[in-house]
Amino acid sequence: MKTIVVGKHEFAGKIATELKEATFIELEERIFPDGEVCPRLLIKDKNILQDSHVIIAMQLSLAQPKNQYLISLLLTIYNLKQYGAIKITCIMPYHIYSRQDRESRIGEPISSKFLASMLEAAGIDEYLTINSHSYGKNPLSDFFKESKSISLTAIPLVAKTVQKLSNSSEDILCFSPDEGALMLAKEAADAIKSPFYGAIRKIRDPETGNISQELIGIDLSLKDRSILIVDDLVSSGGTMVGAAKIFKQQGAKEVYLGYIHGVHTIEKFEDLQKEDIQLFVTTDTIKLDIPGLITVSVVKLIADWITSNLQ
Ligand code: R5P
C-alpha cells in the first residue's frame, strides 16, 4: 500500500522526508472572514489517494485557535476518506483538550474522550500523539475505543538536551512539579543516568484553579544541586514557577525546566524568564518561536515509530 503524508510543509513535510518512500501532500487552510475554515488538499490527480495509507500530521500553531485547528483536522480526515484512503493514521503531536480527561466538577464533559470519538467518527484507524496527558488511571486507550492509540514520550530527548546545554558537571536531580507526573521525572532520570528522581506535591482548588505546592518526603539536601523539573505541559506557568521557587528556597544552584508542550503565550514565557531559572527546553509539538526557549524536534521520533510500524 502506498504511504502518503498530509499536512503542512514545516512539520508533516519533514516527517515525509524522514520516511523516504512516502509521498507528501501539502494542506492549505483557508480561513473565511467569519472564521470558518476550509482545508484543501493540494492535489492535481483525483485518484492519488485511492487505496492509500495516509498519515495526517497536524502541528498546532500557537497563533491558531484550537477549535479551528480541530475542525480543520476533522474535515481533512473526512475528505481523505472521500478521496479513497483506506487507512488513516492521525498524528496530533499535542493532544488538545487533554487536560479535560475526567469530570473535575459535576456537570463538566470529559472533553478528551469526546475528541477521540470525533476523530474516530471522521474516519481514523490509528492515533498517535506525544506525551499524552492521559496515562495511569485514564490511558488514551480508554478513549479511543475503535482505533489503535499510541503516545510516544519525548522526555528523554528533552532531558538529554538539558544535560548537554547545562553548565552542570555534576548529576542533575530530576523532579516533577506534581505527583501525577512522577513517571516523567523517572524517565528523565533514566535518560540522563541521574541517581535521583522525585515529585512535588501539588493541590489544585477545583473551583478557583489556585494551586499550592510543597516538597515532601525528600531526605536529601538540595543545596548547591542542579535540578531539572519536567512536566508534560506549561500553560500559565504557575505550576513550574511554584516548583522552581521551592527548589531555590532549598538552596539549589541551578534550576532547569523541561516540558513537552508549550501551551503558553510569549507573554507567559516572559513571566517564566523573570524567575531564577537557568534553562528552558521544550519540543515542537506546538509551533512556537520564542527567543530563549530551546526547542527540540519530535519529527524523527515520530518518523522512526512509523517506519517500524508500517504495514
Ligand atoms: C497538570 O496536570 C499538568 O501536567 C501541568 O502541570 C499543568 O497543566 C500546567 O499548567 P500551568 O502551567 O497553568 O500551571
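1. Helices (H or I, at least four residues) and strands (E, at least two) are DSSP runs, numbered from the N terminus. With that convention, α8 gives the most to the lining of the largest cavity, contributing three residues. The model is a predicted one, in which local features need pLDDT of at least 70, side-chain atom pairs count only at pLDDT 80 or more, and totals for chains, interfaces and linings use all residues. Residues are numbered from 1 along each chain as its sequence is written, and side-chain values use heavy atoms, with hydrogens and water left out.

2. A cavity is a set of points, on a 1 Å grid over the protein atoms alone, where a 1.4 Å probe fits but cannot get out; lining residues have an atom within 4 Å of a point. The lining of the largest cavity includes H53, K87, E126 and W305. Elements giving two or more residues to this lining are β4 (53-57), β6 (87-91) and α8 (299-309).

3. Around the ligand there are 13 residues (a heavy atom within 4 Å), and the closest are D231, D232, S235, S236 and T239. β13 gives the most to this shell, with four residues.

4. A polar side-chain atom of D231 lies 2.5 Å from a ligand oxygen atom, and one of R99 lies 3.0 Å from an oxygen atom of the ligand. For S235, a polar backbone atom is 2.8 Å from a ligand oxygen.

Key. Polar contact = N/O pair within 3.5 Å; in protein donor to acceptor, adjacent residues only side chain to side chain. 1 Å grid on protein atoms, 1.4 Å probe; cavity = no way out; pocket = protein on both sides within 12 Å on 5 of 7 lines; lining within 4 Å.
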